[in-house]
Amino acid sequence: MTKIAIWCRHKNDNIIGIGAAIPWHVKSDFQRFRRITEGQTLVAGQKTYESFPNRTLPNRKIFVLTLDENYEVSDSQNHSVVNDINFFKDFEDDLYIVGGATVYKLFMTGSNKLIPDIVVDCIYQKDINPNLKGEPVDITDCIDVLNKKYIQVSLDYEQDDITTRILIRKGEFVEQSVLKKIVKAIEEGM
Ligand SMILES: NC(=O)c1ccc[n+]([C@@H]2O[C@H](COP(=O)([O-])OP(=O)(O)OC[C@H]3O[C@@H](n4cnc5c(N)ncnc54)[C@H](OP(=O)(O)O)[C@@H]3O)[C@@H](O)[C@H]2O)c1
């Protein structure tokens with residue numbers, strides 16, 4: 001399997017959320033996320049899962065990470081609960097890691113067997129509205145790993161104040177077909 005992390009973070013401070021929400025609303029960013037993840041298998045933390053409209057994303061299989069063994073998903077045909085991240089160590093399908101901060105950190109800073117092969121790093125370049133209420137959530141720990149262990153393999157794609165780039169782990173084999181699919185999904189929206 002190939003593990004792909006995809007996020008959109010704020011420039012410099014690496015904030016990905018304020019409280020439960022993403023602190024910007026850029027339509028082309030949601031569209032890019034949909035094109036990249038449609039038809040794929042995703043893993044999301046319980047908080048991020050709860051933030052999806054109706055707790056679902058059409059045409060995607062979702063694994064919800066929670067420590068709650070009795071957690072109930074909205075669609076038991078397409079969504080499942082996972083209580084232990086080690087479940088993914090022997091996973092065979094490609095896996096898209098879609099946040100939030102806790103889940104990115106579990107994969108990026110945890111065991112070698114779970115560290116993403118590919119990162120789709122979207123960077124929001126404008127200032128965040130300073131009036132938003134809630135605790136900022138950042139992924140600086142993950143960006144430290146990204147800067148040390150990954151190498152950029154794509155152009156910088158600029159659209160609607162967001163820079164998107166693809167990175168892979170230095171010195172590791174990456175499935176070219178997955179990489180090509182992601183590049184195509186990004187370029188289709190440009
Ligand atoms: N900008 C972006 O690209 C992006 C993407 C996604 C999310 N976000 C933002 O990220 C923020 C949410 O991040 P978050 O860190 O608070 O929440 P999260 O990662 O979505 O979910 C955290 C939950 O994961 C479960 N969990 C934690 N450790 C676990 C473990 N070892 N094993 C199994 N389950 C475990 C816990 O669920 P239980 O409490 O149920 O046990 C925990 O509450 C929001 O602001 C959201 O908008 C931004």
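**Entry 1: the shell around the ligand**

I note here that the model is a predicted one. The shell holds 26 residues, of which G17, G45, T48, G99 and G100 come nearest to the ligand.

**Entry 2: the peptide bond between G99 and G100**

I returned to two of the residues that come nearest to the ligand, G99 and G100. The peptide bond that joins G99 and G100 is cis, with omega at about 0°. Most peptide bonds are trans, so I recorded this one separately. I placed G100 in the loop between β6 and α3.

**Entry 3: positive phi values**

Which residues other than glycine did I find with a positive phi? Most residues other than glycine have a negative phi. N14 is one such case, with phi near 60°, and D161 is another, with phi of about 65°.

I looked up the surroundings of both residues. N14 sits in the loop between β1 and β2. Because 20 C-beta neighbours lie inside 10 Å, N14 counts as buried, the cut-off being 20 or more. D161 belongs to the loop between β10 (157–159) and β11 (162–169). With 14 other C-beta atoms within 10 Å, D161 is partly exposed.

**Entry 4: α1 against α5**

I next examined helix α1 (residues 27–37) and helix α5 (residues 176–188), whose axes come within 9 Å and cross at roughly 150°. Angles over 145 degrees count as roughly antiparallel, and α1 and α5 are therefore roughly antiparallel to each other. I recorded their crossing as right-handed. On the α1 side I listed R32, R35 and I36, which meet I182, A185, I186 and E188 of α5. By class, the residues of this contact are 4 nonpolar and 3 charged, with no polar ones.

**Entry 5: α3 against α4**

How do the axes of α3 and helix α4 (residues 140–149) lie to each other? They come within 9 Å and cross at roughly 35°. I recorded the crossing of α3 with α4 as left-handed. From α3, the residues Y104, K105 and M108 take part in the contact, and from α4, D141, C142 and V145. I counted 4 nonpolar and 2 charged residues in this contact, and no polar ones.

**Entry 6: the loop between β5 and β6**

Lastly I looked up two residues, D84 and F91. The loop between β5 and β6 holds D84, and F91 is also placed in the loop between β5 (79–82) and β6 (95–97).

Is D84 buried or exposed? D84 has 9 other C-beta atoms within 10 Å and is therefore exposed, the cut-off being 12 or fewer. F91 has 14 other C-beta atoms within 10 Å and is partly exposed.

I also noted two C-alpha distances. D84 and L65 are 19 residues apart in sequence, and their C-alpha atoms are 7.5 Å apart in space. F91 and V137 are 46 residues apart along the chain, and 28 Å separates their C-alpha atoms.

Key:
Residues numbered from 1 in each chain as written. Predicted model: local features only at pLDDT ≥ 70, side-chain atom pairs only at ≥ 80, totals over all residues. Near = placed C-beta within 6 Å. Axes fitted to C-alpha atoms, helices over the stretch in contact; angles between N-to-C directions. Helix = DSSP H or I, 4+ residues; strand = E, 2+ residues; numbered from the N terminus. Parallel < 35°, antiparallel > 145°, perpendicular 65-115°, else oblique. Left-handed = near helix turned anticlockwise from the far one by under 90°. Contact = placed C-beta atoms within 7 Å. Nonpolar A, V, L, I, M, F, W, Y, C, P; charged D, E, K, R; others polar.
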